[in-house]
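Please look over the sequence and the model below before reading on.

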Amino acid sequence: MNLFHEKSHATTRRHFLGKFGLGALALSLLDGRAASAALSGATSDPMAPRAPHFVPRAKRVIYLHMAGSPPQQDLFDHKPKLAELNGQPCPDSFLQMERFAFIKGHPTILGSPYKFAPHGQAGITTSELLPHFHSISDDVTLVNSMFTDQFNHAPAQLFLYTGAPRPERPSMGAWATYGLGTDNSDLPGFVVLVSGGRQPDGGKATFGSGWLPSVYQGVQCRTVGDPVLYVSDPPGMDRAGRRRSLDALRDLNEKQAAYFGDDETLTRISQYELAFRMQVSVPDVMDISKEPPEVHEMYGTAPGKQSLANNCLLARRLVERGVRFVQIFDWGWDIHGTGPSDDLITHLPAKCKEMDRPVAALIKDLKQRGLLDDTLVVFSGEFGRTAMNEARNGSTFLGRDHHPHCFSIWMAGGGVKRGYVHGATDELGYRITKDPVHIHDLQATILHILGMDHERLTYRFQGRDFRLTDVHGKVVKALLA
Amino acid sequence: MLGVGVPRTSEPSSNAASPSPTAAGPVDFNADIRPILSNNCFKCHGPDEAKAEGGLRLDTLEHATAPTKKNHRAIVPGKPGESELIKRVASKDDDVRMPPPEMHKTLTPAEVATLSKWIEEGAAYKPHWSLVPPVRGESPAVKNTAWCRSFIDAHVLARLEKEGLSPSPEADKETLLRRVSLDLTGLPPSPKEIDDFLADTSDAAYERVVDRLLASDAYGERWARLWLDLARFADTKGYEKDDRRTIWPYRDWVIRAFNSDMPFDRFTVAQIAGDLLDNSSDDDLIATAFHRNTMNNDEGGTDDEEFRSAAVVDRVNTTMQVWMGVTAGCAQCHSHKYDPISHREYFGLYAFLNQTQDADQPDESPTFMVGSAEDKAKLAALDASLRDREAELAAYVAKNDTTDAGKAEADRLTKARDAARAEADAQRAKLPSLPIFRDLPPEKRRTTKIHLKGSFLTQGDPVEPGVPAAYGDLREGEPRNRLGFARWLVDRSNPLTARVAVNRCWEQFFGTGLVETVEDFGSQAPLPTHPALLDALAVDFMDHAWSMKQLCKSIVTSATYRQSSRARAECMERDARNRLLWRGPRFRLDAEMLRDSALSAAGLLSRKLYGPSVFPRQPDGIWAMPYSGDSWVLSAGEDRFRRALYTFFRRTAPYPSMMTFDAGSRESCLPRRIRTNTPLQALTTLNDPVFVEAAQGVARRAVREGGSDPKSRAAYIIKLCIGRAQRDGEAERLLSLYEGEIAHYRANNDNAIKMATDPLGPLPEGMNAPELAAWTVVANVVLNLDETLTKN
């Protein structure tokens, strides 16, 4: 119900005024959530930590999104048959009832130009483009049987993050913080980091709050300019000056609180104090220059740059400090093969080089700090890519078109299996043959790992209880250790 | 919690224990029973005939008393003991009990008792209150008649007296002036307006102010802001590419419509079907851009029909929500689970809106060129001349004359062509073309079919245009097209439109609607706090020819509105959210008002009206979008300081401070902004260069206009920002801040210059940097005071 926010403030008032006990108060307000779950939290701050529905496997999430969608056939889902049939027309059955974003006419099969081999104890077979990933593949669950309903970037990204292909609904990180609050009130609970120079295709709705209160929207932390918008004091004002002015502000606000008796004023006073603390804590967490050289070496980071490597290190620093949900977008994975800047031979290896080392470093770093056990890391694009060469307008560069019927993602930490491959596709990697996992199933599973029942985490809007998984989704128990 | 007994209205009595139904009078279906059934049963046993689990529907008496598949009777009127419904909801057995365990819902013993009592009393069903057209009843009798200024007050007071509460005294004049100025115009009063009002001690002083505000241009801008949220107005097309769209003339039409007090019924018909009116004017065509604000997908490989269909769905949902407070969207995929709209009826609505020419094309056709006949004629002439120049050049090039003279001639003709093109383009730029509604010619009309499970790809039976039966029907003789539909929306027989409109208006003034869910008046919505008042307002609105200004005036002149907003402990305990209106409204200003107020206090706000959207200060990097080279280029001069509603709105990257203060993304209709209170808001009003610039402006005004004594300047800053005299030692506290700051900045002149001038600009003649910097810090504090950010 939308009263949640206002009522939670009403609770704040009572809390501040001390007229009522802390008590049950606004507890039934997290609509759809069992009151018993909220009982343990029992405070008014909408970002205050709240107990989940049941014992969680992970407390926080780092979601690594490769915007544009990397080709599964060249990285994770080994298909020797494709190489065998390379250059031959694809089977007619591939074209029946199909719409493609760009492919026209009868395309030809495209075998992966890259070698695959098994790695680690579990022997997960992956591509030579991911040498660092080989060293962590014993820690991951690889899902080769993901599928989606959407075959264009923006709708597919929105579908993945909001459960619906058009912008309007809350995103996964918003649901997570709505359900659980956050563990560090000096930092935003849901942080978004972007690299590759572009926002995701789906725009801000991929990390928005939809019709949830806006307090749950993802806060984009930037590596260039203010890390959070307006976190810096104005030119000519130093920290001591800001403190002096906030002292005056608080004194006057307290007078006004007494005059009007409106507890919203008290909430506001506390939000200004929090803002003051964030002015220190946000730049502090965003400043990776203090990390020791071996950490920079591990991640391949260079302070002051906008890069996926920097963002991976930042993600670790953020979850270490209790941020609930870190959403990373890296732009540039849309491997169509229209030219050297988006092809399989030049561009894909370059992107993999940027990604592979820091992503593997993130897993190792979380592990060595004991954070991997209760942090879930997810790596995905928004859909898959075709088994056929796109050859748009007769392009001679190799590339693959959008493909919703199957793709690969992986997960690590947070109580998912280690060194496990889930699901399978046919020999041409065109359709799923075993254990399909739909986007709504993935969402249900992520919420489950966080200790929430996706059918109970609801929000009433326009007369209906909405949830991340719409009216679908099953937890994929097989992924859990 | 629902008050189960008397009074049968939503909320309050909240903390006080509600009398149990067994103790009070007869059970009322709408107040007591429908919410229980709707919340717990209708999802599987409601109006959705396809669902009707076990063959049971509980939404009508006829269905509920009919034998189910297992030959049970859910309800046997007068006999709760024989009613399967009671057996099931009261059962302790998981296999028997309803709702089933996976629903995570269980009825309370009190709810079961209420259901039993209702069945015992005969199980009378009533249509949902919102389906019965409003009737204006007698104003209720009250004890404190002296307090009442209008019928509004009688309704409010009657409820307060019933609850044993009393209204608050009238707010002081300064508070009231600021409140009503912000509410009617979105702008705070100027110092002169404050002085004038304080000086006018006549009884009519307040009403004079109200009339002045209603007559000002700013009124239309303020109310357009609200309407633009509903219209999902934006300057881009949305989806991935999110290219620019020229549609600002529609925004200007809305402002003008409010300013001219266009009756709401005409306002409605123009937007839904202005193109179908006899002799429709240019303005009528521009108005139809309301529904061309739907998103347009230019991404490669998309199916235009999919996105055309998505736009029509959006139009159906938006129309039903904006005018009727009906959440029709559910019925796109299946019959509505709570409200009486079947899947088929949904597509009856869809059919009304399915005959327009637009089809998700990149050029957004059909479009309409806005401008005078003279300007259009001039463009036509320039275009003709351009064609002539092009023809001349082409003819000459065809001769293939390669001599020097020939090349010179080709050069001359090329220049002539380019000049003609530049001239035509310059004229075209004066004549914006915006997307509008036009119907398809009769031979190209579409046949509307049900979209099975909401998918445009799997279509079922054909459907004729029509409105859901429960809401009435078009008047006899009306065309069964968009125009007939538009007129039906504002027909007096329509039970919802006037109620929804007055409720939305009420919410703007009081922060919460009489029906809290302004977007949903259906079965799942909370009941109105003051149902008779809602109906009286609705009828009064129609009786005054749907005049929005009259509606606003009747609200702001009521004693209810004029109350002080100071809390009283005894009332806070009973009704902390002020749903009973025992005090005046107090809540944070919306995003646009915050910005406009700060710029206004600073004397920076431009009062230029209308025109293309503008680009005020925005941090770098907000517009880094895929597939777009478009960039944010800071507007020059006063366009930097226009009212917030003129700010260019890009759907995938909205203006950041607006988003922080709860504005939506304008991707779909936003009937209600949920207010939040966050640290990011504090950072914005403290540090956003727009607000720092405003603080610098306020500081300069204080030095210029606030007298020479620092204390009087501090008081003047309060007057500029909060519209009242300083109180309770506030000026002294600001003065002590000022003294500390000026000492600090005297020792740091470089910082003083930055604080006083970045980004507003060089120090004015005769002002010194440390002094101005110190006043800027003071102004920054005052602009961030709770009372400044709040309507008091």
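The model is predicted, and local features need pLDDT of at least 70, side-chain atom pairs count only at pLDDT 80 or more, and totals for chains, interfaces and linings use all residues. Residues are numbered from 1 along each chain as its sequence is written, while chains are lettered from A and ligands numbered from 1 in the order in which they are written.

**Chain A**

- Chain A contains 13 helices and 17 strands; helices (H or I, at least four residues) and strands (E, at least two) are DSSP runs, numbered from the N terminus.
- The C-alpha trace of chain A spans about 80 × 50 × 45 Å along its principal axes.
- Buried residues account for 62% of the 481 residues of chain A; a residue is buried if 20 or more other C-beta atoms lie within 10 Å of its own, exposed if 12 or fewer, and partly exposed in between, with C-beta atoms placed from the backbone.
- Of the contacts in chain A between residues at least 6 apart in sequence, 74% join residues at least 24 apart; two residues are in contact if their C-beta atoms, placed from the backbone, lie within 7 Å.

**Chain B**

- Chain B has 32 helices and 6 strands.
- For 792 residues, a compact globule would have a radius of gyration near 28 Å, and the 31 Å of chain B agrees with this.
- Along its principal axes, the C-alpha trace of chain B extends over about 105 × 80 × 50 Å.
- In chain B, 54% of the 792 residues are buried.
- Among chain B contacts between residues at least 6 apart in sequence, 68% link residues at least 24 apart.

**The contact between the chains**

- In all, 68 residues of chain A are in contact with 71 residues of chain B.
- On the side of chain A that touches chain B, the elements giving two or more residues are α1 (3–17), α6 (153–162), α8 (239–260) and α9 (263–286) of chain A.
- The largest share of that side, 12 residues, is supplied by α8(A).
- By class, the side of chain A that touches chain B has 26 nonpolar, 23 polar and 19 charged residues; Ala, Val, Leu, Ile, Met, Phe, Trp, Tyr, Cys and Pro count as nonpolar, Asp, Glu, Lys and Arg as charged, and the others, Gly among them, as polar.

**Two helix pairs in chain B**

- Helix α30 (residues 749–757) and helix α31 (residues 769–783) of chain B have axes that come within 8 Å and cross at roughly 55 degrees; axes are lines fitted to C-alpha atoms, for helices over the stretch in contact, and angles run from 0 to 180 degrees between N-to-C directions.
- That angle makes α30(B) oblique to α31(B); angles under 35 degrees count as roughly parallel, over 145 as roughly antiparallel, 65 to 115 as roughly perpendicular and the rest as oblique.
- Residues of α30(B), including B:Ile753 and B:Met755, meet residues of α31(B), among them B:Leu772 and B:Val777.
- The contact of α30(B) with α31(B) comprises 9 nonpolar, 2 polar and no charged residues.
- The axes of helix α24 (residues 591–601) and helix α27 (residues 689–705) of chain B come within 7 Å and cross at roughly 30 degrees, which makes α24(B) roughly parallel to α27(B).
- B:Arg595, B:Ala598, B:Leu599 and B:Ala601 in α24(B) meet B:Val690, B:Phe691, B:Ala694 and B:Val698 in α27(B).
- The contact of α24(B) with α27(B) has 7 nonpolar, no polar and 1 charged residues.

**Two loop residues**

- A:Ile345 is found in the loop between β7 (325–331) and α12 (347–368) of chain A.
- A:Ile345 counts as partly exposed because 13 other C-beta atoms lie within 10 Å.
- Not counting residues up to four places away in sequence, A:Ile345 touches A:Pro113 and A:Leu398.
- B:Ser335 sits in the loop between α14 (304–324) and α15 (343–352) of chain B.
- B:Ser335 is buried, because it has 21 C-beta neighbours inside 10 Å.
- The C-alpha atoms of B:Ser335 and B:Lys453 are 9.8 Å apart, although 118 residues separate the two along the chain.

Key. The radius of gyration is taken over C-alpha atoms; the globule rule is 2.2 Å times the number of residues to the power 0.38.
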